[in-house]
Amino acid sequence: MDGMRNVIYNHGGVIQASLVKVCGLSILLWLVLSGTSSAHRVTIFAWVEGDTVHTQSKTGGGAPLKNATVKVLDNQGKRLLTGRTDAKGAFSFQIPQKTDLTVVLDASMGHRAEWAIPAQELGKMPANPSTSVEDPTRTETLKGREEFDKKVVIGMDRREMEVLINQILDRKLTPVIRQLSELTHSGPKTTEVVGGLGYIFGLVGIALYILNRKKNNPPSG
Amino acid sequence: MHISEGVLSPVILVSGAALTVAGTAIGLKHIDAEEIPSVGILSAAFFVASLIHVPVGPVSAHLVLNGLLGFILGWKAFPAILVGLALQGLLFQYGGITSLGVNTFNMAMPAVACYYLLGWAVKGRHKQAALSVAAFGCGSLAVLMSGLLVALSLTLTGDAFVPAAKVVVISHLPIMLIEGTLTMACALYLRKVKPELLDGRYAQRYL
């Protein structure tokens, strides 16, 4: 019994030694080439600026995804418009209607990604602030931004204030959002790779344990 | 190669999952305690291989190594690839959980097919040249067949087959060459250091 067990373990050891090299080679190649872009997964990121929605499409490695199809769907799943990404992976479109929108990226070979834009994100930024403020006494003062900027306005109502703040936030936040979209989605991290390998070897251990339990603990009696 | 969530129709997802369950069951039936380490390590190699990208054209393709797995493991490639893909899906968000069945079948079935087509070279003591050619064929054919299966899955959901297949095959041509060479190198190396592995002792035993 003992001899048989040793034979089994020895075989396992030698196979492991030679196969570990195959695995090691793969890891080495990965470390060398990990800087390049990936096609396993694609991502799309969309943000609203005024009456335009900007989208940025990327591959898993962070490289821009060129010439991919972008579909815009409404809350019923109906297609509103379709476009293609440019050389930088960007695609922009005018807001077609102010309902919940879903931006779907369709790359080749079954790769797909989505980004949802809730309606309130579209609604809070009127296309033309001067026309959206309905108070007739204020309309004149709000005609153009430049004109508006020059005036010291005290006693704005809540709505005007909201429009103004949204405008400023929009302007200030756009570069931040743009940068955020650049930063998200990098390739897999080393911890995830090592973790995955750990899972596999753990499974091997469990399988070996279960299969060898009978041999290791012969029924007493 | 990894089809994302929400691309395929439910019918294809369910049939892919059913085929994968069947293939995995056959594979598990063939595994003995002494073979578990080799299945595990090849599964790990498969898991890591997808991180190696070869940039070609608009999107880069990555190594699959399913030919190597099929060449050595036969039906046991099914459980090995299933585990590798599940972890890639969970940790890297490649593919998806609902499309795991289809993706596993698309990558593991060609491995098994290659085993039946070219596995004879592994079994007997053939000349080095025969083994090299068979291993190269295994590595490249498995990728080609996987690509065609991906195209077929997309076709069954509504894409036109010819353009879809063209994209997949063209973008995988360099990978086919690399995989063929890599599988050949592995086979020759294993023949030198561990011929029993290729003898069919640890490989699929029942044809």
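Colleague: Before we start, what counts as a helix here?

Modeller: Helices are DSSP runs of H or I. To make the list, such a run needs at least four residues.

Colleague: Okay, so which helix holds B:A187?

Modeller: Keep in mind that we're looking at a predicted model. Residues 161-193 of chain B form one helix, and B:A187 has its place there. That helix is α8.

Colleague: Is B:A187 buried or exposed?

Modeller: Count the other C-beta atoms within 10 Å: B:A187 has 25. The cut-off for buried is 20 or more. So B:A187 is buried.

Colleague: How far is B:A187 from B:A134, C-alpha to C-alpha?

Modeller: Along the chain these two are 53 residues apart.

Colleague: Now over to B:V39 in helix α2 of chain B. Why does B:V39 count as buried?

Modeller: Buried takes 20 or more other C-beta atoms within 10 Å. B:V39 counts as buried because its number of C-beta neighbours inside 10 Å is 29.

Colleague: Which residues does B:V39 touch, leaving out those up to four places away in sequence?

Modeller: B:A77 sits 38 residues from B:V39 in sequence, yet their C-alpha atoms are 7.6 Å apart. As for the touching residues, they are B:I31, B:L73, B:K76, B:P79 and B:A80.

Colleague: At roughly what angle do α4(B) and α5(B) cross?

Modeller: Helix α4 covers residues 77-92 and α5 residues 100-118, and their axes come within 9 Å. The crossing is right-handed. Its angle is roughly 145 degrees.

Colleague: How many residues of that α4(B) and α5(B) contact are nonpolar?

Modeller: Among the residues that meet are B:F78 and B:L82 in α4(B), and B:M107 and B:V112 in α5(B). The contact has three polar residues and no charged ones, and the nonpolar ones number 11.

Methods. Residues are numbered from 1 along each chain as its sequence is written. Chains are lettered from A and ligands numbered from 1 in the order in which they are written. This is a predicted model: local features need pLDDT of at least 70, side-chain atom pairs count only at pLDDT 80 or more; totals for chains, interfaces and linings use all residues. Axes are lines fitted to C-alpha atoms, for helices over the stretch in contact, and angles run from 0 to 180 degrees between N-to-C directions. Helices (H or I, at least four residues) and strands (E, at least two) are DSSP runs, numbered from the N terminus. A crossing is left-handed if the near helix is turned anticlockwise from the far one by less than a right angle, and right-handed if clockwise. Two residues are in contact if their C-beta atoms, placed from the backbone, lie within 7 Å. Ala, Val, Leu, Ile, Met, Phe, Trp, Tyr, Cys and Pro count as nonpolar, Asp, Glu, Lys and Arg as charged, and the others, Gly among them, as polar. A residue is buried if 20 or more other C-beta atoms lie within 10 Å of its own, exposed if 12 or fewer, and partly exposed in between; C-beta atoms are placed from the backbone.
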